[in-house]
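I opened my notebook beside this structure and jotted down what I looked up, entry by entry. Please follow along with the model on your screen.

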Amino acid sequence: MAVQDPIEFDFDRIDSLIEREEAELEPKRGASIAYRAVADRFVAGGVASSWQDSPPHAIYIDRGKGNRLWDIDQNEYIDFHLGYGAMVVGHAHPAIVEAIQKQAPLGTHFAQPTKQLDVIGENLADRFDLPLWRFCNSGTEATLEATRLMRANTGRDLIVKIEGTYHGHHDSLMVSVAPDPADMGPRDHPASVPQALGIPQVFADLVRVVPFNDLDAVRAVIAEEGDRIAGMIVEPAMMNCGVILPEDGYLQGLKDLLHANGSFLAYDEVKTGATLAYGGATEVFGVTPDVICLAKAIGGGTPCGAIGATRELYQPIIDGTYDMAGTFNGNPLTMAASAATLLEVLTPDVYDGFNRIDKAMKDGLSSVIERYKLPAYVTGVGAKGSVIYSTKPVREYRDAVGIDERLSYLAWLFQQNRGVFKSPWTKQETWTLSVWHTEDDAKAYVDNFEEFAAAVSS
Amino acid sequence: MSTETVEIDIQLVEQLIKEETAALDAKHARSLSYRDEAAVRLPGGVSSSWQMWPPHPIYIDRGKGSHVWDIDGNDYVDYHNGYGVMVMGHAHPKIVEAVQRRVELGTHFAQPTEDALIVAEQLHERTGLPFWRFGNSGTEATLDLVRIMRATTGRDLLVKIEGTYHGHHDALMVSVFPSEADAGPADHPNSVPQTKGLAPGTLENTVCVPFNDVEAAERLFAERGSEIAGMVIEPVMTNCGVVLPDPGYLQRLKEICHQHGAMFSFDEVKSGFTVAWGGAIEAFGVQPDLVAYAKALGAGLPCGAIGGTEDALRMVIDGDLDQVGTFNGNPLTMAAAKVNLTEVLTKDAYVRLDEINSILHGCEDIIAKHKLPASMKTLSAKGSIDWRSEPIHSYRDLWAIDDRVPQLGWLWQLNRGVFKSPGSKWESWTTSIVMSDQDAQRYVDNFASFAEAITN
């Protein structure tokens with residue numbers, strides 16, 4: 001995996017390259033930079049979500065088509081950002097355009113059930129091996145419902161989560177999302193760190209944090225707090241530090257430990273669902289949990305979410321003992337887009353295509369890493385992949401803590417200046433592929449990465 | 001107000017409920033059989049528990065203007081309007097055009113697009129509040145309000161009104177519909193969990209006071225003012241009919257909050273764009289620190305927004321507090337919201353809503369004629385008939401109402417071509433700007449035959 005005798009990065013050089021690339025980017029983004037000042041007048045910070053504003057400046061988008069995206073300066077990009085991984089169908093896919101254009105004249109919202117629901121439920125059951133589904137409007141809403149399902153069904157209050165993962169912005173799981181090393185406590189008993197101001201510590205204390213890929217840590221928490229644990233939520237492949245794969249036996253081990261304790265296992269497949277494979281991480285790693293949260297990719301670019309669970313967990317909802325509700329849940333426009341996405345676009349055969357492009361990405365990037373002796377490696381599955389700037393495998397959040405984020409920022413700038421749009425922020429290079437991406441797109445990405453590699457190693 | 005009223009014969013009401021339910025079942029053969037198919041993959045056969053009201057869920061096929069059709073082909077005038085969302089009517093040509101145009105340009109980038117600013121400008125113009133952010137539902141909007149109030153003040157305690165719903169996240173799922181047995185004394189209401197599975201600590205950190213009761217709020221703030229992050233209130237309380245704030249009530253609450261260093265927030269998810277062009281902020285002339293919108297904003301697409309003063313949103317603007325969401329400001333939603341606010345829900349539209357209202361007020365004559373123990377209240381697109389001679393003033397007034405009467409009223413309308421939201425003991429109707437005079441008259445005529453039937 002890792003290269004022999006890797007180079008050591010010269011951070012003075014990287015700083016000066018960052019300066020150079022920022023200076024090159026700025027004139028291309030005149031309209032975005034000017035528009036920010038206009039938008040600032042009425043939109044807090046000029047953007048609709050804080051994570052749409054990353055250094056050096058917010059980038060305002062005009063339109064997208066297939067694998068391409070244009071900003072308001074009319075710069076054209078190959079889109080590997082894909083709306084934080086939601087647009088694996090690509091932009092304005094004809095099947096989804098048609099579905100939305102057909103549904104809009106028939107009405108888009110009744111807060112009543114419509115006839116698309118069972119078809120989508122059937123498809124999700126086929127993909128993820130869970131029998132029952134409900135719909136909502138975002139990943140945040142999906143994990144909120146998953147948390148409540150586990151608590152309501154057990155009458156217990158503690159939730160176990162992985163250190164360094166994000167599961168939406170409601171109070172219960174906004175804990176130790178990206179904890180500062182100064183706050184995160186010892187590895188064998190990580191602190192529960194509220195991720196934002198405005199989250200009372202009493203809610204953070206209901207979360208026990210464990211490192212990813214460590215069954216003993218879960219064993220220890222169960223030994224300590226067993227009869228209080230409602231369940232555990234986990235991204236089966238951890239996605240906010242690159243793509244970190246579960247080690248063999250980890251997910252099955254979690255399920256066994258939790259079930260033996262009368263607790264439930266929930267997957268947050270908001271990022272991995274219908275992207276890693278037809279049946280997401282559930283299919284790839286062959287372990288079906290009790291609850292699955294979906295969002296992002298399943299709506300084809302409309303705000304959506306879904307919660308799948310076993311009949312046991314859903315029984316109180318079926319009986320009406322408690323409500324899982326929302327005015328927009330199952331919105332007909334979202335459902336029309338979702339039906340087209342799941343039944344017409346993300347069919348089982350497209351995943352061969354993802355795997356083919358993924359291989360081209362991995363082969364190309366690995367070859368660059370090898371040739372330039374970068375302290376880095378490539379990982380990923382299906383439509384998701386990343387370059388991780390570490391010589392030793394990143395198995396959990398703490399392994400990624402020491403990585404200098406100037407590297408991924410510079411790599412991001414290189415791509416932005418050379419026609420590739422990528423998601424910002426992460427310490428790792430993370431990309432998402434769409435059904436429209438080609439080997440040529442992979443080559444463009446790899447070529448830019450090679451320029452970056454040459455620049456940092458010269 | 002009527003001085004004397006008839007007593008409703010509940011046995012007769014029960015008999016009529018049986019008859020009307022049987023008549024409804026007969027019309028809903030396809031809904032009934034589809035429910036069984038849908039229940040294989042969806043708990044209860046629906047995507048939200050509040051879509052499964054007895055006697056059975058009703059599956060909708062399509063909507064156009066003021067009408068909806070169910071999958072059995074029954075045609076209704078829509079007073080449900082998707083729990084108060086579709087005040088612009090179904091498939092409004094301008095919204096359809098906006099959606100059809102935007103979808104070809106891409107609907108999601110998780111990057112800012114220009115329509116968000118136009119929507120924010122509109123919201124500013126309507127409310128005077130300068131800064132805005134977006135989300136995907138009312139639940140997300142009030143969740144953001146709570147986070148901002150707590151983060152800004154560094155305090156944990158929230159104050160809400162007894163008997164109001166503000167979305168389904170934990171912090172405000174408290175005393176939404178508390179039962180008489182659980183609610184505790186009126187001057188010190190208990191914090192009652194609305195659902196199983198709330199995080200422990202939720203009840204300790206959310207307290208409630210009765211609507212329209214200044215003294216109760218003053219007392220609570222006198223006792224615990226220094227712990228209180230802020231208050232969330234529906235300026236028009238909408239889950240027990242349409243309950244209007246007493247004159248001066250909202251302004252006084254704002255003063256109390258500010259005297260104690262707490263923030264004051266409106267939940268205008270239901271009242272926004274329905275009770276007036278500028279929502280309750282315009283209708284009652286009180287500007288809060290923060291406001292939440294959803295429902296009508298997106299013209300039938302999932303959406304939400306929060307607005308605030310510069311001080312209230314300071315931490316978000318400065319990046320000290322992230323307000324986030326992958327789908328926030330979704331370009332398709334923003335395209336629909338932009339046209340909705342700039343071209344559809346214009347000031348003229350609210351003139352039409354008043355005209356419809358004046359026809360609906362024919363129900364008052366029927367109440368008087370039959371001496372019904374009922375009263376009617378409306379505010380622009382929102383209205384309700386309360387089964388009580390005096391209008392509902394606060395949540396606890398509901399307890400004395402027998403919900404079989406409004407249940408029968410709902411069935412009666414459904415069987416006669418009017419679609420209404422269920423549970424009308426606490427649900428109002430919503431009209432739309434595209435309703436015709438005949439659409440409004442149909443409601444009144446049905447109410448007349450209903451009044452006749454129950455007073456026979």
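I started with contacts in chain A: among those between residues at least 6 apart in sequence, 74% join residues at least 24 apart. For a contact I required the C-beta atoms of two residues, placed from the backbone, to lie within 7 Å.

A note on the source: this is a predicted model, where local features need pLDDT of at least 70, side-chain atom pairs count only at pLDDT 80 or more, and totals for chains, interfaces and linings use all residues. Residues are numbered from 1 along each chain as its sequence is written, while chains are lettered from A and ligands numbered from 1 in the order in which they are written.

**Chain A overall**

I found 16 helices and 14 strands in chain A; these are DSSP runs numbered from the N terminus, helices being H or I with at least four residues and strands E with at least two. The radius of gyration of chain A is 22 Å, close to the 23 Å from the globule rule for 458 residues, so chain A is as compact as a globular protein of that length. That radius is taken over C-alpha atoms, and the rule is 2.2 Å times the number of residues to the power 0.38.

I also looked up burial: 62% of the 458 residues in chain A are buried, meaning that 20 or more other C-beta atoms, placed from the backbone, lie within 10 Å of a residue's own.

**The seven-stranded sheet**

Next I traced an open sheet in chain A with mixed pairing, in the order β4-β10-β9-β8-β7-β5-β6. Its edge strands, β4 (132–136) and β6 (207–210) of chain A, each pair on one side only; two strands pair if DSSP finds at least two bridges between them.

How do β8 and β9 of chain A run? They run parallel, with three bridges joining β8 (residues 264–268) to β9 (residues 291–294) in chain A. I picked out A:D268, whose bridge partner in β9(A) is A:C293.

Helix α5 (residues 117–128) of chain A packs on this sheet, touching β4, β9 and β10 (305–309) of chain A.

**A helix pair in chain B**

In chain B, α7 (residues 214–224) and α8 (residues 249–259) pack at about 5° with axes 10 Å apart. I took axes as lines fitted to C-alpha atoms, for helices over the stretch in contact, with angles from 0 to 180 degrees between N-to-C directions. α7(B) and α8(B) are therefore roughly parallel to each other, the cut-off being under 35 degrees. Among the contact residues are B:F221 of α7(B) and B:L253 of α8(B).

Technical notes:
Buried ≥ 20, exposed ≤ 12 C-beta atoms within 10 Å, placed from the backbone. Parallel < 35°, antiparallel > 145°, perpendicular 65-115°, else oblique.
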